[in-house]
Amino acid sequence: MSTVEPVAAGSRLPGSVTVGSATVGSATVGAGPLHLAALDLDKTLIFSARSLLLPIPVAPAEGSSAAVSSAEDSLASAAGAAGAAVVVREVERYNGAPQSYATARELELLAELDRVAVVVPVTTRTLAQYRRVDLGIRPRYAIAANGGHLLVDGEPDPAWAATVAADLTGCAPPATMLGLAERFAAGWARTVRAADDLFVYVVAHDRLDIPDLAALTVQVEAGGWSVSQQGRKVYLVPTALTKQRAVDEVRRRTGTRVQLAAGDSVLDIPMLLAADAAVRPAHGELHELAWTAPHVTITADAGGRAGEQLLSALLAQVRADGRWDGGAVVPA
Ligand SMILES: [Mg+2]
């Protein structure tokens, strides 16, 4: 079995934080969880069949009575790389077909983390794309469209939408960037879309079809936007639209004092840098760039195993700090 490097090795956890009256370990905690865990979804917690790097469930035959997703249908037990049984669950279905997976162990760890910290799913997915994903938890807060939507109990927060609209007045409008993207994508791309009227993305048939991004990047940056490539997708995103700005808002609303984070892409960097301790998987855009920071650890494995390892590492961090547990503080 593989292991993950301990997050604590490079942790920037503050030696003393003042949140309430009870002091545990090096931290002081109040009425709610001390930790907020900001978790990217794609290629961090959930995986396509290609990026999971584990045997996936065999889809039921089209039209068979078992074709409708059920917990049992979406389970598969297979021998993992290390020889241990790995149970893989379907966590997203699109157009009648399984779209994303997570391991059962990941979902268990996520549920455990959700009990001791404020877990915030943080994704660049549009609202509709986010809503297809079922992680088995019901987080009070979630962030979609790269910070463009702050969901409270599953619904977009209008006050946050107004804040974002004001923030984006200094950046070029999405229609301008959509025009740039359409010209860039001519002849090779499968899809060019404006997402929730907030950002733009291009999807290639194959990542090898994507031309050099240098010239596009210059044009995009002139409009106050940035470019990020994740596999077959190229994202054009206003620089003022970051996941971390929305995470800051959730921190403000929840009073959490310690930020944990996990993510695999350039769009996750502000969130990883703002965290007191963070983990990234040993795959994806940041891994290809060999990106790291002193308080960011890297999982031992890639794929779905990395998802398990990063959640284990974040849970270990919560336990090491001392955690809030339904009103009582549990010492490390
Ligand atoms: Mg990702």
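How many bridges join E9 to strand E10 (residues 155–156), and do the two run parallel or antiparallel?

Reply: E9 is joined to E10 by 2 bridges, and the two strands run antiparallel. The model is a predicted one: local features need pLDDT of at least 70, side-chain atom pairs count only at pLDDT 80 or more, and totals for chains, interfaces and linings use all residues. Residue numbers start from 1 along each chain as its sequence is written. Strands (E, at least two residues) and helices (H or I, at least four) are DSSP runs numbered from the N terminus, and two strands pair if DSSP finds at least two bridges between them.

Within this pair, Leu151 has Pro156 of E10 as its bridge partner. E9 and E10 form a hairpin with 2 residues between the strands, where Asp153 takes a positive phi near 50°. E9 (residues 149–152) also pairs with strand E8 (residues 141–144), antiparallel and over 4 bridges. Here Leu151 of E9 stands opposite Ala142. The hairpin of E8 and E9 has 4 residues between its strands, and Ala145 in the turn has a positive phi of about 50°.

Another set of strands runs parallel. Strand E3 (residues 35–40) is joined to E15 by 5 bridges in the parallel sense, with Ala37 opposite Leu260 of E15. E15 (residues 258–262) is in turn joined to strand E16 by 3 bridges, again running parallel, and Leu260 stands opposite Ala277 of E16. In E15, 5 of the 5 residues are buried (20 or more other C-beta atoms within 10 Å of a residue's own, with C-beta atoms placed from the backbone). Val258, Leu260 and Ala262 point one way from E15, while Gln259 and Ala261 point the other way. E16 (residues 277–280) is covered on both faces, with Ala277 and Val279 buried on one side and Ala278 and Arg280 buried on the other.

Further along, 4 strands form an open antiparallel sheet in the order E11-E12-E14-E13. Its edge strands, E11 (189–195) and E13 (225–230), each pair on one side only. From one strand to the next the twist averages 15°. Angles run from 0 to 180 degrees between N-to-C directions, and axes are lines fitted to C-alpha atoms, for helices over the stretch in contact. E11 pairs with strand E12 (residues 199–204) over 6 bridges, and Ala194 has Val200 of E12 as its bridge partner. Helix H5 (residues 174–185) lies across E11, E12, E13 and strand E14 (233–238), at about 15° to E12. Helix H6 (residues 214–222) also packs on the sheet; H6 touches E13 and E14, and its direction makes about 140° with that of E13. Contact is counted where C-beta atoms, placed from the backbone, lie within 7 Å.

Finally, a helix pair: H2 (residues 104–116) packs against H10 (residues 304–321) at about 25°, with the axes 9 Å apart. The two are therefore roughly parallel to each other (the label for angles under 35 degrees). The contact includes Leu109, Leu113 and Val116 of H2 and Gly307, Leu311 and Val318 of H10, among others.

Terms used: Two residues are in contact if their C-beta atoms, placed from the backbone, lie within 7 Å. Angles under 35 degrees count as roughly parallel, over 145 as roughly antiparallel, 65 to 115 as roughly perpendicular and the rest as oblique. A residue is buried if 20 or more other C-beta atoms lie within 10 Å of its own, exposed if 12 or fewer, and partly exposed in between; C-beta atoms are placed from the backbone.
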